[in-house]
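The structure is shown first.

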There are 2 protein chains.
Amino acid sequence: VLLAAGSGQRFGSLKQFDLIAGHRVIDYAASTAAAVCDGVVVVLPADSLATEDGTVPAASVVVAGGSSRSESVRAGLVAVPADAAVILVHDGARPLASAELFERVIAQVRAGAPAVVPAVRVVDTIRSVDLSGMGSGGAGSAGRVIDRDLLRSLQTPQGFRANLLRQAYMGEGQATDDAGLVEALGQQILLTEGERSNLKLTESADRIIAEAILISLQSAP
Amino acid sequence: VLLAAGSGQRFGSLKQFDLIAGHRVIDYAASTAAAVCDGVVVVLPADSLATEDGTVPAASVVVAGGSSRSESVRAGLVAVPADAAVILVHDGARPLASAELFERVIAQVRAGAPAVVPAVRVVDTIRSVDLSGMGSGGAGSAGRVIDRDLLRSLQTPQGFRANLLRQAYMGEGQATDDAGLVEALGQQILLTEGERSNLKLTESADRIIAEAILISLQSAP
């Protein structure tokens with residue numbers, strides 16, 4: 001299930017259709033997923049389905065998303081064949097996840113893990129800011145340092161035993177974090193090594209970085 | 001004060017002397033700093049000073065670092081002219097920080113902030129893992145989600161009123177975080193907007209990303 005139904009509030013446009021290094025953002029992840037998965041369900045904004053943007057060549061099927069991330073996952077799950085044993089959920093704004101990462105996540109679910117989540121260590125110093133102080137005080141909001149050795153930055157594709165993911169989404173709850181929903185069912189999450197280059201395009205500046213990486217990969221011998 | 005005295009334990013080599021896009025890592029930050037600062041003190045590993053690696057063209061002076069980050073900062077501060085009003089500390093493993101970022105940090109210290117730290121929002125889901133559980137349990141170590149809206153990832157160059165930074169380093173304490181030392185003196189830290197492209201080269205995979213960005217910038221019209 002490839003999620004690309006966002007409205008791009010922070011990015012400033014429908015980033016999933018932007019061209020980077022000659023292809024649309026969404027087409028990178030769709031192509032990688034199609035190479036390693038039995039099927040690819042792409043979830044697009046409902047109002048994009050009617051336009052020429054509503055096609056993704058590598059997709060098995062394209063469905064309309066909802067007004068929230070959770071609704072879009074539910075819409076995608078409906079289109080996943082009932083006999084699927086493993087379901088991956090991937091963020092369409094991560095064009096650089098490698099086929100090797102997809103394959104490893106799948107293999108670890110097949111090997112018995114209920115939920116597998118790629119994670120990378122955090123290399124920068126992290127502070128937790130005090131938002132309550134930002135309105136009133138200003139500079140005092142620098143917060144406190146969190147021990148970065150304990151922090152992991154989570155990525156997608158995240159892989160799940162199909163029945164667990166379906167069960168997690170049977171309710172009406174909202175989640176930004178599929179693994180958290182599965183965990184709430186009493187299941188353990190396995191963190192697997194993610195990829196530093198597996199960036200999430202959030203701000204338009206990220207596109208420059210992603211494009212540079214993609215061009216570099218394309219010109220590699 | 002440009003810190004490049006690390007031994008590259010995680011990177012696997014003395015990364016500061018690696019070539020990326022035709023230049024040594026350390027030379028990028030030194031060149032940017034030289035363009036906007038009155039002087040640049042580069043702190044290198046003591047055993048590199050005797051070799052041909054011990055030269056940095058853009059540096060005002062090159063000094064030998066110590067066995068810890070804090071000792072290297074102290075070694076660098078000794079070489080900063082006594083009449084400096086603003087001192088920046090920058091990590092030599094961040095070749096992509098822009099001159100605009102350096103200039104903004106300097107301007108904000110000049111405008112009255114005791115300490116200025118570039119920070120960017122965290123876009124990935126972050127979990128705090130339970131290291132105590134990793135030895136005994138395994139997959140239970142996926143930890144708990146931290147509200148990412150509250151998290152800021154800190155970068156360099158960090159800017160300080162010169163007397164405050166000198167005072168912070170008068171003791172024998174060790175710190176990975178200059179701003180934290182200044183904060184311990186009762187001073188407030190001002191977070192300023194950092195740059196998503198201002199990556200810290202930590203693992204060798206980061207070099208590929210940084211190189212791609214640098215080549216992209218060089219070929220820009």
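The sections below treat the helices, the salt bridges and the interface in turn.

## Basis of the model

The structure is a predicted model. Side-chain atom pairs are counted only at pLDDT 80 or more.

The buried positions are V25(B), I26(B), D27(B), Y28(B), A29(B), A30(B), T32(B), A33(B) and V36(B).

Helix α3 of chain B, residues 99-110, also has 12 residues. At 1.5 Å a residue it should span 16 Å, and the distance of 16 Å between its end C-alpha atoms agrees with that expectation. In α3(B), the buried residues are L101(B), F102(B), V105(B), I106(B) and V109(B). They cover an arc of only 135 degrees around the axis, and therefore lie on the same side of α3(B). In general, an α-helix has 3.6 residues a turn, so residues three or four places apart point the same way. On the other side of α3(B), E100(B) and R110(B) are exposed.

The partners of the buried residues of α3(B) are all in chain B: they pack against α1, β6 (86-91), β7 (115-121), β11 (158-161) and β12 (189-193). After α3(B) comes G112(B), with a positive phi near 125 degrees.

## Salt bridges within chain B

Over all chains, the structure holds 12 salt bridges. One of them joins the side chains of D27(B) and R24(B), at 3.0 Å from N to O. Both D27(B) and R24(B) are buried.

A second example is the salt bridge between the side chains of D178(B) and R69(B), at 2.9 Å from N to O. This pair links distant parts of the chain, 109 residues apart: D178(B) belongs to helix α6 (residues 178-184) and R69(B) to helix α2 (residues 69-78), both of chain B. With a relative accessibility of 1%, D178(B) counts as buried, whereas R69(B), with a relative accessible area of 30%, is partly exposed.

D149(B) and R121(B) also form a salt bridge, and their closest N and O atoms are 3.4 Å apart. Here D149(B) lies in the loop between β9 (144-146) and β10 (151-154) of chain B, and R121(B) lies in strand β7 of chain B, 28 residues apart. D149(B) counts as partly exposed at 40% relative accessibility, and R121(B) counts as partly exposed at 35%.

## Relation and contact of the two chains

The same surface serves both copies, since 95% of the contact residues of chain B recur in chain A.

The contact involves 43 residues from chain B and 41 residues from chain A. About 4,000 Å² is buried between the two chains, and carbon and sulfur atoms give 54% of this area. R127(B), L150(B) and R196(B) supply 16% of the area that chain B buries against chain A, more than any other three residues. Between chain B and chain A there are 4 salt bridges. R127(A) forms a salt bridge with E183(B), in which the closest N and O atoms are 2.9 Å apart.

Technical notes:
Residues are numbered from 1 along each chain as its sequence is written. Chains are lettered from A and ligands numbered from 1 in the order in which they are written. This is a predicted model: local features need pLDDT of at least 70, side-chain atom pairs count only at pLDDT 80 or more; totals for chains, interfaces and linings use all residues. Side-chain values use heavy atoms; hydrogens and water are left out. Buried means under 20% relative accessible area, exposed over 50%, partly exposed in between (1.4 Å probe, protein chains only). Helices (H or I, at least four residues) and strands (E, at least two) are DSSP runs, numbered from the N terminus. The expected span of a helix is 1.5 Å times one less than its number of residues. The arc is that of the directions from the helix axis to the C-beta atoms. Contact means heavy atoms within 4.5 Å. Buried area is the accessible area (1.4 Å probe) that two parts lose on being put together, summed over both.
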